[in-house]
Amino acid sequence: MNIVILGLGEVGFHLSKVLSSDGHNVTVVDADPIRIKRVGEALDVQTLLGDCAEPGTLDEAEAALADLVLAVTNNDRVNLLAGFLAKRMGAQQAIVRVKDISPYRNYRTFMRKNLLFDGMLSLEDLAAEEIAKIVRRNQAVSVENFLEGKVTLRVVPVKEDSPLNGAVLKDIKWPLNLNVVAVRRDGKTVIPDGNFGFEVNDEVYLLGKPKVVDDFEGWVGARKGRTRNVIVFGDSSVAFHTAGSLSRQGVKVRMFIESRDSLEAHANQIDSDMKILHVGGADAEAFKEEHVGKADAFVGASEIDEKNLLACLVARELGCQRTIALVSSPTYAEIYKVVGIDRAVSPRLLCSEAIVQRVQAGRLQYMATFDEGAAKVCAAKIGAGSAIADQTLMEARFPKGCVVGAIQRVEDGQEQVIIPRGNDQLKEKDNLIFFLLPSVEQQVFKLLEEKNTKD
């Protein structure tokens, strides 16, 4: 691929290093001559010194011929403008990075349509979701969220007393907006058909709309063993996003914040069940009074790395078994582990990795993997003239080993998310969310690429 990277901060440099080593033709642009010199000496890439938001600079970088433009400067507005200009010039795809997606959350469809970008990645959303996943990983139910939280995937175990135990898939009255996409048994992940019978210790992958999955999860009795008591320390947007996400998943959350002004700034992220406490930094006495040592997990998510480190160390000393720290600098991550922090989360590194995964996935956009790569969740858009456009899901005949778990569709400017059944019709420009086994990935790719040959 011909790739243009705009911005050479930590995200841009990491992307330049990985994508150039993968054999892509990479051109990097930055207004800082020191950064340009550094990357030119270290990597096999084309370099250009200039303003990323100026049409002349983009023209010189040959953005019009690019397969992909990555706008990852430290300025959100520069990224949005640069992505728009690159697309208007002729770039095939543009992905823009923003620090905080909150100002754009209710306008994403409008902005994508008018600013033309193909993807928007938020550092803070990526970090908050990663922290929430880490916190939940010690519970019985594994959780992944897609399409901005409109679709969730849970992995629930079949217990002895579960109504699923001994039941056959086709005989169960499954609710609307929920699908069984896979079952893991004896170390192997399978895509079940209607005759599949559930057994004790099966792990069932449920994909659907969050409220429906919640209700079904309660019915099968899979809610035991969850992380129940989490403390989130910090006034950052990541802290509030993380706390809100965990609270919506039924986790009891206490927030330790230093500034009362933060409450107003992040009012839309505060759940009614969350407890907010004002704490002056990593105050050991206050931590003791709030029984931090008995928490299932402690998250240090202020905007200052050193505060997160100290708060996590105090929590650890008081007996908390799991500590997670937000780090602004990716180079700090390994240092944190050495001093006893269980996990360090770098928003910039997460953003870089998300873009790399998207590039490497090609036609099928990688979203998540399970069981060390034994199964994947991917996304792909139905292109103009596709053979499967206007067919029902059943008629499209996706291979065994692949399930279309959700359809994201925009009609008349309105977005809808569909958890499909066999008679639901596919349309051009639909964004499909697949759960698939790697063995059928190429078959799915070919099916999506197949063109309609009718006159």
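The notes below cover a sheet, its helices and some aromatic rings.

This is a predicted model, where local features need pLDDT of at least 70, side-chain atom pairs count only at pLDDT 80 or more, and totals for chains, interfaces and linings use all residues. Residues are numbered from 1 along each chain as its sequence is written, and side-chain values use heavy atoms, leaving out hydrogens and water.

**The sheet**
- Six strands make an open, parallel sheet in the order β3-β2-β1-β4-β5-β6.
- Strands (E, at least two residues) and helices (H or I, at least four) are DSSP runs, numbered from the N terminus, and two strands pair if DSSP finds at least two bridges between them.
- At the edges, β3 (46–49) and β6 (119–122) each pair on one side only.
- Strand β5 (residues 94–98) is joined to β6 by four bridges, and Ile95 stands opposite Gly119 in β6.

**A helix on the sheet**
- Helix α4 (residues 76–89) packs on the sheet and touches β1 (2–6), β4 (68–71), β5 and β6; touching here means heavy atoms within 4.5 Å.

**Aromatic rings**
- There are ten aromatic pairs in the structure; rings of Phe, Tyr and Trp (its six-membered ring) pair if their centres lie within 6.5 Å, with planes under 30 degrees apart stacked, over 60 edge-to-face and the rest tilted.
- Phe233 and Phe287 pair edge-to-face, 6.3 Å centre to centre with 70° between the planes.
- Phe233 belongs to strand β12 (residues 229–233) and Phe287 to helix α10 (residues 284–289), so their pair ties together parts 54 residues apart in sequence.

Note on methods. Axes fitted to C-alpha atoms, helices over the stretch in contact; angles between N-to-C directions.
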